Amino acid sequence: PVEIVLHSYSNQVGFSVTDHGLGMPPEQLPLIFDRFHQVQAGLAKQKPGVGIGLSLAKEIVARHGGSIDVQSEVGKGSTFTVSLPRSSGEVSLAVSSPDSALPISPPYQRRPGPRGEAIPVTPPEAARPNLAERERPLILVVEDDPDLRAYLLEFLARRYHVLGARDGLEALDIALQNRPDLVLTDVMMPRMSGLELLASMRQKPVLKTVPCIFLTAVTGVPMRIEALREGASDYVQKPFQEAELIARIDNLLKLDELTRNLTKKVDEQTAELRQLAENIVSVQEGERIRVAREIHDETGQVLTGLGMELDRLHRHIEKYPEMAEETRQTLEHAQTLVKSVHASVDRVINALRPSVLDSQGFVSAVDWLARELQNRAGVTVLVDVGVDEEGLSRRESIGYYRIIQEALTNVTRHAKATQVSVSLEETATKRTLTVRDDGVGFRDVQQQRQGFGLLGITERSRLLGGMSIVESEPGHGTVIRVEVPIRSTEKEENLS
């Protein structure tokens, strides 16, 4: 049983609370009002607390100008006596809700949030030392012990915006509604533990990068290792020092802000590089057209004229049978060389400027590439284009054409393949270009991606708004697959 006795005097009031429990040894009595101190009570202590109840009680009494004392004897129980001065004025202390059982002194004010426990607290500017002029960070405190949760919310509110949750399940709901800058959570909690909360957060894109500190009385290296493996940012042991916890929180917030700024910078620089790459490709295509035109206009014309002169000489020789057979053979050989050079020039021109793409369309241009590879390397090339070429813009046609051209060039130079298949398929949401060979393949895909050929394919895929996937295995050939999403209005834009 517990006995409560009230007393009243001329200048003070108070009460005594007496229990007949285990009691406490004398050496423990000076320490029991210290924050986080816990009396070791053996196996009889079924549910250990966190050591802040008596500390809070002493703080409340002290704020009212009173005192609290204790008398105890092992095996006989304890008596706590509270004395408060009489006062005719109003008490300015704002007492918290029964759930948290925590006073919050002015100028702090508490107002209910999500689920009745998300409690934003806004102190004045003076209560924000060493913080830049920016929005204060939002900290989500997850703790099933109501006294410790209330204490954490109270002292963290002096520096941050704070929200509170009773367990991991409630915390996940609050975090999805109010993305916190940091989560401070216990490990062992009902319904959803801290580890389960962290795992769930890492699966949510909006919460994936939120720093998380585990604050727990659970000891041992295995628990710490498990927490860090799950992606915890830090691990703080109970009992803790307020200054240390604040320092760890601030360090993580600064690191997270630095990471986000760095990520933003990288994204901005990447976007600029992508735009630069697209401009370079555009300039490159224009330069290829210019060079191809010059080769065609100058070298092509010279070769055509030379071929005509050789034909005339050949006809002239036929009129004079007495000319040596050797001269006849030399002229015929020269004609063969001219035709070969002419074919090579045509091939270079088409490689630089796909004239067949302009004159006959995408499908014919891919067929021409396939025939060229078959004629030059003796490789069988199967082409299957399941896309209406009228639905492709010029930019897309050139992009897919260049990717196929680069892939077939890689096959010629490295694959030692006997057969290659090229397919372009389309669904309602994406186009898929696949180039597959039966060549020697390779083991390290990432290393091969650094080569100029696959790097060019990767960049052209990105310029089309898609991505490239390379699969290969030694002795089993290589598959290059490019997937490009189709916007809902893309076809209408291309046909307009």
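## A patch on the surface

Let us start on the outside: Val2, Ile4, Leu6 and Phe15 make up a nonpolar surface patch whose accessible area totals about 430 Å². Accessible areas come from the Shrake-Rupley method with a 1.4 Å probe, and for residues only the protein chains shown count as cover. A patch takes residues with over 30% relative accessible area and no salt bridge, joining like charges within 9 Å and nonpolar side chains (Val, Leu, Ile, Met, Phe, Trp, Tyr) within 5 Å. A salt bridge here is a side-chain nitrogen of Lys or Arg within 4 Å of a carboxyl oxygen of Asp or Glu.

Strand β1 (residues 2-8) supplies the largest share of the patch, three residues. Leu6 sits in strand β1 and counts as exposed because its relative accessibility is 68%. Buried means under 20% relative accessible area, exposed over 50%, and partly exposed in between (1.4 Å probe, protein chains only).

## How to read this model

This is a predicted model, in which local features need pLDDT of at least 70 and side-chain atom pairs count only at pLDDT 80 or more, while totals for chains, interfaces and linings use all residues. Residues are numbered from 1 along each chain as its sequence is written, and side-chain values use heavy atoms, with hydrogens and water left out.

The protein chain has 13 helices and 16 strands; these are DSSP runs numbered from the N terminus, with helices (H or I) of at least four residues and strands (E) of at least two. Of its 496 residues, 40% count as buried.

## The largest core

Which residues have the most contacts inside the largest nonpolar core? They are Phe362, Tyr400, Ile404, Val420, Val422 and Leu433, in a core of 36 residues. Such a core is a set of buried Ala, Val, Leu, Ile, Met, Phe, Trp, Tyr and Cys residues joined through side-chain atoms within 4.5 Å. Among the elements giving two or more residues to this core are α9 (362-377), α10 (394-415) and β13 (419-426), and α10 gives the most, with nine residues.

Leu433 touches residues including Tyr400, Ile404, Val422 and Ile480, leaving aside those up to four places away in sequence. Contact means heavy atoms within 4.5 Å. There is also a second, separate core of 24 residues, which includes Ala171, Met192, Leu198 and Met201.

Just after α9, Gly378 has a positive phi of about 70 degrees.

Leu392 belongs to the loop between β12 (380-385) and α10, and it is buried because its relative accessible area is 8%. Leu392 and Phe362 are 30 residues apart in sequence, with 8.7 Å between their C-alpha atoms.

Most residues other than glycine have a negative phi, and most peptide bonds are trans. Arg191, which is not a glycine, has a positive phi of about 70 degrees. Arg191 lies in the loop between β9 (182-185) and α4 (194-202) and is exposed, at 57% relative accessible area.

Lys416 is not a glycine either, and its phi is positive at about 55 degrees. Lys416 is in the loop between α10 and β13, where its relative accessibility of 71% makes it exposed.
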